[in-house]
Each structure stands twice: as C-alpha cells, then as structure tokens.
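Open the model in a viewer and keep the sequence panel beside it.

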Amino acid sequence: MCDAGAPEARPYARRYARWAAWCGARPTLARALGAANRAIVWVFYAAFAVLLALEAARDPVRLVPLVGILGVAFALVSLVRARIDAPRPYERDGVSPLIARDGAGRSLPSRHAFSAFAIAAGWWCASPAVSVGLGAAAVVLAALRVAGGVHYPRDVVAGAALGLAAGAIAAACALAL
C-alpha cells in the first residue's frame with residue numbers, strides 16, 4: 001500500500017482534495033453527486049430487468065447469451081479484482097470520498113463501470129437507441145465514481161472496456177440466434 005505522502009500519490013491527492021473541498025463548500029452538490037450515483041445504479045438494475053423481460057417475450061433463447069455471457073463475465077471481473085486487490089483512492093491517497101463506500105481494496109476494475117457498460121452494450125440486440133442512451137448514462141456513472149473518490153480513472157476505464165466487450169459479445173450472440 002502506498003503512503004499518502006509518497007511522491008506518486010501527492011498529485012492525485014492534492015487534485016482530489018481541492019475538488020472535495022470545492023464540493024464540500026457546496027453541500028447540495030455533494031449530496032447530489034451521491035444521489036446521482038445511486039439513481040444511475042438503479043437505472044441499470046431496471047434496464048437489465050427490462051432487457052431480460054423483452055427478450056424473454058421476443059425469443060427466450062436469446063436470454064442464454066445475455067444471462068450466460070454477462071453472468072460469467074461478471075464473475076470473472078469479480079475474481080480478477082479480488083486477485084488484483086488494488087487500493088481505492090481513499091485508502092492509498094488518504095482522501096475523503098464524496099460517495100459513501102464501505103470496505104477496502106478491489107478497486108480495479110470497477111464493477112459498477114463494468115456492469116453499466118455491459119448492460120448498455122447488451123441492449124444493442126433489443127434497441128440500438130436505448131443502448132446508446134444507456135451508454136451515455138454509463139459514462140456519467142463512471143465519471144461519478146471517480147469524482148466521488150471511490151475509483152481512480154484507470155479503474156473505470158478498465159471496467160468500461162471489459163463491460164463493452166462482454167456486452168457486445170452477448171448482444172452479437174443473441175442477435176445470431
């Protein structure tokens with residue numbers, strides 16, 4: 001684990017401390033950041049449920065790649081992040097996160113970013129327009145996770161890339177059935 005005073009940690013810690021102080025001086029903004037994070041997470045829960053319901057009604061066989069590929073990919077991402085066990089910004093750099101988060105480590109890759117981008121890409125088989133809209137929401141969620149101090153940018157970029165790949169493969173397989 002890196003000491004908060006280590007040279008490589010100081011620039012991030014200083015930038016984040018300025019950002020957190022600016023947000024802290026605006027309590028409504030700090031609360032809105034946390035609320036937006038929670039709301040977008042729930043949007044993705046609902047979006048995945050709706051996708052599965054639509055595909056079950058359209059052609060239940062299409063559920064196999066959507067559930068199977070995305071489920072296996074989620075499990076693999078969970079195993080990888082447990083194995084890497086990368087510290088979170090509030091652990092490594094001693095910053096105070098603006099988004100409440102219990103626990104330590106398991107920062108890389110971000111599972112929130114992975115899930116959001118996987119669901120957004122998975123929607124391509126049902127509605128490209130919805131997929132693009134969810135993709136925009138996934139970008140916002142990833143930014144909120146970094147702005148909230150619970151992930152580094154590399155964490156959400158890795159999660160997004162893995163999620164896009166898994167979702168694209170699942171959607172392509174569903175469309176091929």
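Is R106 buried, partly exposed or exposed? At 42% relative accessibility, R106 counts as partly exposed; buried means under 20% relative accessible area, exposed over 50%, and partly exposed in between, with a 1.4 Å probe and protein chains only.

Before moving on, note that this is a predicted model, in which local features need pLDDT of at least 70, side-chain atom pairs count only at pLDDT 80 or more, and totals for chains, interfaces and linings use all residues. Residues are numbered from 1 along each chain as its sequence is written, and side-chain values use heavy atoms, with hydrogens and water left out.

**Loops and backbone**

Stay on R106, which sits in the loop between α4 and α5. Helices are DSSP runs of H or I with at least four residues, numbered from the N terminus. The phi of R106 is near 55°, a positive value in a residue other than glycine. In the loop between α4 and α5, select P109 as well. The peptide bond that joins L108 and P109 is cis, with omega about -10°. Most residues other than glycine have a negative phi, and most peptide bonds are trans.

Next select D85, in the loop between α3 and α4. D85 is not a glycine, yet has a positive phi of about 50°. With a relative accessible area of 43%, D85 is partly exposed.

**Helix α1**

Select residues 10-24. This is α1, with 15 residues and a reach of 20 Å from first C-alpha to last, close to the 21 Å expected at 1.5 Å a residue; the expected span is 1.5 Å times one less than the number of residues. Show the side chains of Y12, A13, Y16, A20 and C23, which are buried in α1. They lie on the same side of α1, because they cover an arc of only 90° around the axis, taken from the directions from the helix axis to the C-beta atoms. The buried residues of α1 pack against α2 (27-58), α4 (89-92) and α6 (128-147); contact means heavy atoms within 4.5 Å.

**Helix α2**

Move to α2, whose 32 residues reach 46 Å from first C-alpha to last, close to the expected 46 Å. Among the buried residues of α2 are N37, V41, F44, L51 and E55. Packing partners of the buried residues here are α1, α3, α5 and α6.

Centre on F44. F44 touches A116, I119, A120, L134, A137 and A138, not counting residues up to four places away in sequence.

**Helix α6**

The 20 residues of α6 should span 28 Å, and the end C-alpha atoms are 29 Å apart, which agrees. Buried residues of α6 include S131, L134, A137, A138, L141 and R145. They pack against α1, α2, α5 and α7.

Pick S131 in α6. At 7% relative accessibility, S131 counts as buried. With residues up to four places away in sequence left out, S131 touches A120, A121, W123 and W124.

**H112 in α5**

Now select H112, in helix α5. H112 counts as partly exposed, at 31% relative accessibility. Which residues does H112 touch, not counting residues up to four places away in sequence? They are V41, L141 and R145. The side chains of H112 and R145 are joined by a polar contact of 3.3 Å; such a contact is a pair of N or O atoms within 3.5 Å, where within protein one must be able to donate a hydrogen and the other to accept it, and residues adjacent in sequence count only if both atoms are side-chain atoms.

**The nonpolar core**

A nonpolar core is a set of buried Ala, Val, Leu, Ile, Met, Phe, Trp, Tyr and Cys residues joined through side-chain atoms within 4.5 Å. The largest one here has 43 residues, and those with the most contacts inside it are F44, L51, L66, F114, W123, C125 and L134. At least two residues of this core come from each of α1, α2, α3 (63-84), α5 (111-122), α6 and α7 (153-176). The largest share, eight residues, comes from α6.

**Cysteines**

The structure holds zero disulfides, a disulfide being a pair of cysteine sulfur atoms within 2.5 Å. For C125, the nearest cysteine sulfur is that of C173, 10 Å away. C125 counts as buried at 5% relative accessibility. End on C23, buried with a relative accessible area of 0%.
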